[in-house]
Amino acid sequence: MDNNTIISVRDLHVNFYNNDRCNRVIRGVNFDLKKGKILCVVGESGCGKSVTANAIMGLLPDLSRIEQGEIHFYDNDQDIRIDQLPRKGREMRKIRGEGIAMIFQDPMTSLNPVFTVGYQINEALLCHHQAKNKKEATGKSIELLKQMGIPLPEKRVGEYPHQFSGGMSQRAMIAMAMSCHPKVLMLELKNQEGTAILLITHDMGVVAELADEIAVMYMGNIIESGEARAVMKNPSHPYTKALLDSIPVLGRGKDQDLQPIRGSTPDPYNRPKGCQFAPRCDYCTECCTQQMPEEQIVEPGHMCRCFHNLFKQGGDA
Amino acid sequence: MEEKKKDVLISVRGLKTYYPIRKGVFRRVAGYVRAVDDVSFDVYRGEILGVVGESGCGKTTMGKSILRLIPAHSGQVLYNFPDGEKDILKMEKAEMDEARQKMQIVFQNPYSSLNPAYTIFGTMQEPLIRFGMKNKAQRKEKIAQLLKDVNLPEDCMQRYPNEFSGGQRQRIGIARALSVDPEFVICDEAVSALDVSIQAQVLKLLKELKEKKNLTYMFITHDLSVVEYISDRIIVMYLGHIVEMAPTQELFENTLHPYTEALLSAIPVADIDQRRKRIPLQGDVPSPVNPPSGCPFHPRCPKCTERCKTEVPKPVTLIHNGHEHMVCCHLAQTTKSE
Amino acid sequence: MRNKLDRKMDAILRREEAGVRRKTIQNRTLRKLASNQLSVLGIVIFAVILVLCVGAPLFTPYDGISMSLAERYAPPSAEHWLGCDQIGRDIWTRILFGGRISIGVGLGSALIATILGVSLGTIAGFKGGLFDGIVMKVSEVMMAFPQMILVLIMVTITGPSLWNLIFIFAVTGWPSMYRMTRSQMLSLREEEYVQALNAFGISPMIIAFKHVLPNAIGPIFVNITLSTAMFILQETALSFMNLGVPLDQATWGNILNVAQDISVLKDYWWMWLPAGIMVTLFVLSINFIGDGLRDATDPTQIG
């Protein structure tokens with residue numbers, strides 16, 4: 001374990017128990033989040049990417065729990081086991097905000113419409129002892145809004161969320177999340193400085209643009225992960241490859257050939273027995289329908305869970 | 001400039017859609033949101049016309065105004081019927097019935113565009129009943145055929161929307177739009193709410209259906225890579241105005257308007273070799289209630305001049321490499337028109 | 001809290017691992033209702049009382065009208081389970097027959113108020129504009145008007161009668177139904193399927209009643225149950241004060257009417273206590289059902 005690691009997730013399993021059924025949403029996920037790096041978790045809706053983030057934040061819904069595995073949070077050489085903390089306890093509340101901040105998908109509903117934006121950032125600052133009094137807090141709030149590129153921060157700080165556009169609300173949310181200098185910032189869309197960032201998205205454009213590392217999730221497993229360039233230029237899992245072939249890329253013109261992935265994601269209550277992607281996979285063979293492949297290292301720092309390793313020496317580039 | 005050989009299906013002329021802002025006890029009209037502010041363009045038969053712009057630029061309002069789902073303030077939408085051009089916006093009810101069968105729309109949100117209280121058959125038969133298909137067996141047959149066209153099995157009919165995935169729902173939405181055999185379909189962010197792998201399925205399907213049924217699309221989206229993939233021609237909108245309009249390749253290779261340039265540079269591209277320098281847009285989209293004087297883009301434009309602040313630029317159509325290229329910018333007109 | 005949830009999750013996990021699918025009700029609303037113990041209890045009590053009242057002649061040998069002077073003030077006995085009243089009528093019989101009228105008045109008024117309020121609310125909420133404005137103001141006036149005064153006026157004009165009561169309840173009850181339906185329609189009309197129907201030129205009334213209204217049915221049902229309970233209580237209160245159903249017809253309120261007499265209240269508990277318990281039980285059961293329905297139709301609650 002090198003000391004740049006801030007969050008380490010080991011063999012995480014999470015089940016949801018809605019509607020009297022058990023849904024194994026996360027089925028053994030491993031990853032490390034390193035200081036100053038942006039890790040993009042990519043996947044379609046229902047693949048478990050948001051659940052992973054919520055598990056780290058201790059924000060899982062009532063009828064769900066971590067079945068096995070570990071989530072370590074390394075805070076000043078302290079090893080905190082997030083999976084063992086009570087979800088609504090004091091330690092967890094302290095970690096949320098001071099240690100890990102999360103920005104939600106919909107900026108328009110994440111800010112409380114009855115308070116000014118400045119008031120809400122002040123609250124976060126005062127609550128986590130980042131400012132001694134209101135005056136100091138307001139000064140810091142203005143500074144944060146300015147850093148986020150919001151014009152006229154002195155005026156904006158006294159305005160209500162409805163006076164902000166979508167993009168500005170998003171930036172105000174980031175300002176609020178950054179207010180307590182968290183070690184990890186979890187974004188469900190856009191991005192920021194020195195902290196480690198876990199970026200959850202399905203937009204390959206954002207991934208290509210920002211990611212240092214990529215983890216591709218499908219139906220509760222990370223099926224491929226590694227350095228961004230390695231994964232995007234030399235995808236080794238059929239799903240990653242299919243995903244990259246299925247999206248139009250700006251600049252490739254009208255005649256680019258899109259290859260849609262056939263079928264749709266399986267019913268989570270009626271999952272395939274072996275590899276989750278097998279029913280939609282062009283490379284599927286007998287063994288794929290029997291068991292989920294283990295993690296394989298295809299090149300240093302590049303992991304893939306597939307029996308039919310598509311990794312090519314040297315890659316496309 | 002006389003190159004009117006193409007078959008014009010719809011001519012939009014001076015279309016304005018304003019939303020009134022009401023204030024006070026007596027709900028007096030205190031001002032207007034100029035959602036669509038004087039747009040004019042032609043839609044050619046058989047083409048896919050892409051419309052792009054940031055959220056709030058008025059692209060969806062424009063599409064819905066053409067269909068009269070949102071009442072327009074003024075302007076004309078001339079539709080080329082077999083018996084001549086008619087203004088959609090001034091049609092009586094009976095005429096409008098005919099128009100409704102010519103023009104349809106596919107919506108953005110696959111979760112709210114199907115009624116959860118009805119089976120697929122219940123939802124899809126409504127337009128058929130409306131347009132006089134009284135026989136239930138006949139309706140069933142027609143719906144089965146429509147579902148087949150969008151690659152869904154016939155037995156979907158008896159199921160409820162909540163049993164389908166987003167992509168399947170969107171295909172049902174497409175089948176519903178096609179149920180009256182329209183010639184013109186507006187796709188309003190039709191793939192934006194779908195997962196990336198499903199987007200490709202639906203985009204391909206839309207392309208296939210266009211060929212099979214001789215459709216004309218107006219494809220409204222904020223996603224430039226999608227619009228580049230699907231459109232023949234692209235309209236770029238900003239604050240209710242058309243700022244640039246050109247065939248796809250021409251627009252991307254010979255961008256004239258600074259807004260289009262900024263938009264193209266701001267989009268993250270799903271190609272790791274294309275990490276590049278951006279032209280960050282200053283500030284935010286101004287409010288369409290109090291649009292800026294002069295060119296609507298001038299407060300954010302990196303190339304803004306004194307003239308841009310006072311004088312509204314007129315749309316000018318240039319011919320470049322044999323393509324009509326419309327642009328609404330003082331600078332483009334002075335530098336490129338010689 | 002955590003432990004209870006953990007046990008529930010363990011149970012589901014065990015079943016899932018054993019491959020047994022417990023026979024569950026597929027409909028989510030019904031399943032949630034069935035797992036709510038209070039509302040199941042409510043449904044049972046409701047059903048028992050309803051069956052007893054509707055099938056009254058099957059459960060009693062008397063008719064509840066004929067008097068028997070010999071049995072005035074008779075205490076509970078084998079012949080008269082709950083004794084007799086001051087003119088010798090069997091109380092058990094009167095409670096059963098009275099229940100027919102009381103439940104009929106409550107349910108009937110609630111249904112009429114619902115039809116009125118829901119129809120107006122659907123049109124007003126969907127179309128908005130002047131019609132909505134006028135109906136809204138009328139409903140505000142109705143809700144601001146003391147109901148008791150309205151009852152007194154009606155009774156002085158036409159004298160107490162069963163139909164008067166139903167009429168008054170319907171007139172005073174529709175505004176709340178109207179407002180609820182209207183607010184539902186206001187949010188539902190923004191759904192894209194409504195626009196899709198508009199794009200086919202389908203008439204707004206067909207869209208509103210055939211396509212949008214079915215999606216608001218959950219809250220409407222909840223409101224019907226709660227108004228029924230309210231109207232039964234009001235009928236009881238008005239009859240107790242001789243303002244409701246005329247005394248010659250047995251209703252729960254009319255049975256309780258005798259408790260105005262302090263000596264009856266003190267010495268002859270069987271003449272009023274059972275009727276009181278019956279009203280309380282019935283209203284409570286309806287409220288339990290209503291609460292259960294509200295939770296069950298609320299999509300934000302887990303289950």
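**Strands, helices and contacts in a predicted model**

Reader: In E8(A), which residue is the bridge partner of A:Val41?

Author: Happy to start there, with the reminder that this is a predicted model. Strand E3 (residues 38-42) of chain A pairs with strand E8 (residues 196-201) of chain A in the parallel sense, over 5 bridges. In E8(A), the bridge partner of A:Val41 is A:Ile200.

Reader: And which residue in E9(A) stands opposite A:Val41?

Author: E3(A) is also joined to strand E9 (residues 213-218) of chain A, and these two run parallel with 4 bridges between them. In E9(A), the residue opposite A:Val41 is A:Ala215.

Reader: Which residues of E3(A) are buried on the side that holds A:Leu39?

Author: In a regular strand the side chains alternate between the two faces of the sheet. Strand E3 of chain A is mostly covered, with 5 of its 5 residues buried. One side has A:Ile38, A:Cys40 and A:Val42, and the buried residues on the other are A:Leu39 and A:Val41.

Reader: Turning to chain B, how many helices and strands does its secondary structure come to, and what is its radius of gyration?

Author: The secondary structure of chain B comes to 11 helices and 12 strands. The globule rule gives 20 Å for 338 residues, and chain B is close to that, so it is as compact as a globular protein of that length, with a radius of gyration of 21 Å.

Reader: Among contacts in chain B between residues at least 6 apart in sequence, what percentage join residues at least 24 apart?

Author: For some context, the C-alpha trace of chain B spans about 65 × 55 × 50 Å along its principal axes, and buried residues make up 46% of its 338 residues. Among the contacts between residues at least 6 apart in sequence, the share joining residues at least 24 apart is 63%.

Reader: Which strands stand at the edges of the open sheet in chain B?

Author: The open sheet of chain B has 8 strands in the order E6-E7-E8-E3-E9-E10-E12-E11, with mixed pairing. Each edge strand has a single partner strand, so one side of each is left without a neighbour in the sheet; these are strand E6 (103-106) and strand E11 (316-320).

Reader: In E12(B), what is the bridge partner of B:Met245?

Author: Strand E10 (residues 241-247) and strand E12 (residues 323-327) of chain B pair in the antiparallel sense over 2 bridges. In E12(B), B:Met245 has as its bridge partner B:Met326.

Reader: How many residues does the hairpin that joins E4(B) to E5(B) pass through?

Author: Strand E4 (residues 74-81) and strand E5 (residues 84-87) of chain B run antiparallel, joined by 4 bridges. One bridge partner pair is B:Asn80 with B:Glu85 in E5(B). The number of residues through which the hairpin joins E4(B) to E5(B) is 2.

Reader: Is H3(B) roughly parallel or roughly perpendicular to H4(B)?

Author: The axes of helix H3 (residues 120-130) and helix H4 (residues 136-149) of chain B come within 10 Å and cross at roughly 110°. Angles from 65 to 115 degrees fall in one class, which means that H3(B) and H4(B) are roughly perpendicular.

Reader: Which residues in H4(B) do the residues of H3(B) meet?

Author: The H3(B) side has B:Phe121, B:Met124, B:Gln125 and B:Leu128, and the residues they meet in H4(B) are B:Arg139, B:Lys142 and B:Ile143.
By class, this contact of H3(B) with H4(B) has 4 nonpolar and 1 polar residues, while its charged residues number 2.

Reader: Which helix gives the largest share of the side of chain B that touches chain A?

Author: The contact takes 31 residues from chain A and 30 residues from chain B. Helices H5 (166-178), H6 (196-213), H7 (224-230) and H8 (248-253) of chain B each supply at least two residues of that side of chain B. The largest share, 7 residues, comes from H6(B).

Reader: How many residues of the side of chain A that touches chain C are charged?

Author: Here 9 residues of chain A are in contact with 9 residues of chain C. The chain A side divides into 3 nonpolar and 3 polar residues, and the charged ones number 3.

Note on methods: Residues are numbered from 1 along each chain as its sequence is written. Chains are lettered from A and ligands numbered from 1 in the order in which they are written. This is a predicted model: local features need pLDDT of at least 70, side-chain atom pairs count only at pLDDT 80 or more; totals for chains, interfaces and linings use all residues. The radius of gyration is taken over C-alpha atoms; the globule rule is 2.2 Å times the number of residues to the power 0.38. A residue is buried if 20 or more other C-beta atoms lie within 10 Å of its own, exposed if 12 or fewer, and partly exposed in between; C-beta atoms are placed from the backbone. Two residues are in contact if their C-beta atoms, placed from the backbone, lie within 7 Å. Two strands pair if DSSP finds at least two bridges between them. Axes are lines fitted to C-alpha atoms, for helices over the stretch in contact, and angles run from 0 to 180 degrees between N-to-C directions. Angles under 35 degrees count as roughly parallel, over 145 as roughly antiparallel, 65 to 115 as roughly perpendicular and the rest as oblique. Ala, Val, Leu, Ile, Met, Phe, Trp, Tyr, Cys and Pro count as nonpolar, Asp, Glu, Lys and Arg as charged, and the others, Gly among them, as polar.
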